[in-house]
Amino acid sequence: MKANWFGALATTLLLGLIVSAVQADDLWLVDFEAAKAKAAKEGKDILMEFTGSDWCPPCIALHDKVLTKDVFREKTPEKYVLLKLDTPKDKSKQTPAEIEQYKRLSSEYKITGVPTIILADAKGRPFAKNVGYSGAEADKYVGELLEKTKLRETRDDRLAKAEAAQGGEKAKLLGEAIGDIDSELAVATYRDVVDQIISLDADNAQGMKSKFEGLIKVGEVRSALNELRQTAGAAGPEELLKRIDDLMQRLEPTGEGLQEVLFLKANVLFRTDKAKSKETLLAAAKAAPASNMAKQITLIIERN
């Protein structure tokens, strides 16, 4: 009798562990279209985690310290449908569709590093982006995620107000609606809104036309720089400098776009001409003195 009772208890516990594991797996979807459909049905937003699960230390830390904790698993699904977008070294457990989906979505959402969390509405339109993992405790991390749904509510409120406005006032409200979103991400995923803003503020009376045309230009420059970096491995300094100068002549970047190009040029010059590298860094800082990169450049110059 005791043996039978023990065996039955062991079986029950084992089944419980299996069910828990299945539920944990079911917490995350891996298909974008399924996530959008579920979010629309349940009236939720989408949390996309772009990750490198088997090679990226910050991704692994985020997984261990936050994503597997009870507070995340219990609280986050109340407001978000969870979508895991993984690019592991070992792709043997992924389908070709999953691998292709990662390439497409990482390009669409301008993913330049992992982990990156994108918060989006049920149509996939983003309203917040968080790159990296600072080491925050799970309670704090989850609290901040839940709080960010207010950004989507604010966006929706401004878009609704814009519907009732006209001309420059409408352009201003549309600009404010997407103004809290990462600028590169906003230009890439709200291009219809951006084009409307530019058209409505054709005389630039609201300053929206010049602002968003500048952001479009920065996006083009960054895309060109990414392509250049991807093909830079086999090129020597002279060839890289020529490509950078060609890029500058072709796109004529200004502001932050020019700053990023000059920063890359300074890095290349550092190998062969440190004085000219410093001169180029100074020019980069002046191109957009209020940017975060300008602050980083100032620190680099002070240390060298």
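What follows is a walk through part of this structure, from a set of packed helices to a few individual residues.

The model is a predicted one, in which local features need pLDDT of at least 70, side-chain atom pairs count only at pLDDT 80 or more, and totals for chains, interfaces and linings use all residues. Residues are numbered from 1 along each chain as its sequence is written, and side-chain values use heavy atoms, with hydrogens and water left out.

Let us start with helix H13, residues 255-269. Helices here are DSSP runs of H or I with at least four residues, strands are runs of E with at least two, and both are numbered from the N terminus. The expected span of a helix is 1.5 Å times one less than its number of residues, so the 15 residues of H13 should span 21 Å, and the 21 Å between its end C-alpha atoms agrees with that.

How much of H13 is buried? Eleven of its 15 residues are, which leaves the helix mostly covered. Buried means under 20% relative accessible area, exposed over 50%, and partly exposed in between, using a 1.4 Å probe and protein chains only. Among the buried residues are Val261, Leu262, Phe263 and Leu264, and also Glu260 and Lys265. The cover over them includes helices H11 (208-230), H12 (237-251), H14 (274-287) and H15 (292-303).

Take H14 next. Its axis and that of H13 come within 8 Å and cross at roughly 170 degrees; axes are lines fitted to C-alpha atoms, for helices over the stretch in contact, and angles run from 0 to 180 degrees between N-to-C directions. H13 is therefore roughly antiparallel to H14, given that angles over 145 degrees count as roughly antiparallel, under 35 as roughly parallel, 65 to 115 as roughly perpendicular and the rest as oblique. On the H13 side, the contact (heavy atoms within 4.5 Å) includes Leu258, Leu262, Phe263 and Leu269, and on the H14 side it includes Thr280, Leu281, Ala284 and Ala285. By class, the contact has ten nonpolar, four polar and three charged residues. Here Ala, Val, Leu, Ile, Met, Phe, Trp, Tyr, Cys and Pro count as nonpolar, Asp, Glu, Lys and Arg as charged, and the others, Gly among them, as polar.

H14 also meets H15, with axes that come within 9 Å and cross at roughly 150 degrees. These two helices are therefore roughly antiparallel as well. Lys278, Leu281, Leu282, Ala284 and Ala285 of H14 make this contact with Ala294, Ile297, Ile300 and Ile301 of H15. Eight of the contact residues are nonpolar, none is polar and one is charged.

Now for the loops. Glu252 has a positive phi of about 45 degrees although it is not a glycine, and at 60% relative accessibility it counts as exposed. Asn204, in the loop between helix H10 (191-200) and H11, also has a positive phi, near 60 degrees. With a relative accessible area of 29%, Asn204 is partly exposed.

Finally, Thr87 lies in the loop between strand S3 (80-86) and helix H5 (96-108). Leaving aside neighbours within four places in sequence, Thr87 is in contact with Thr51, Gly52, Trp55 and Tyr102.
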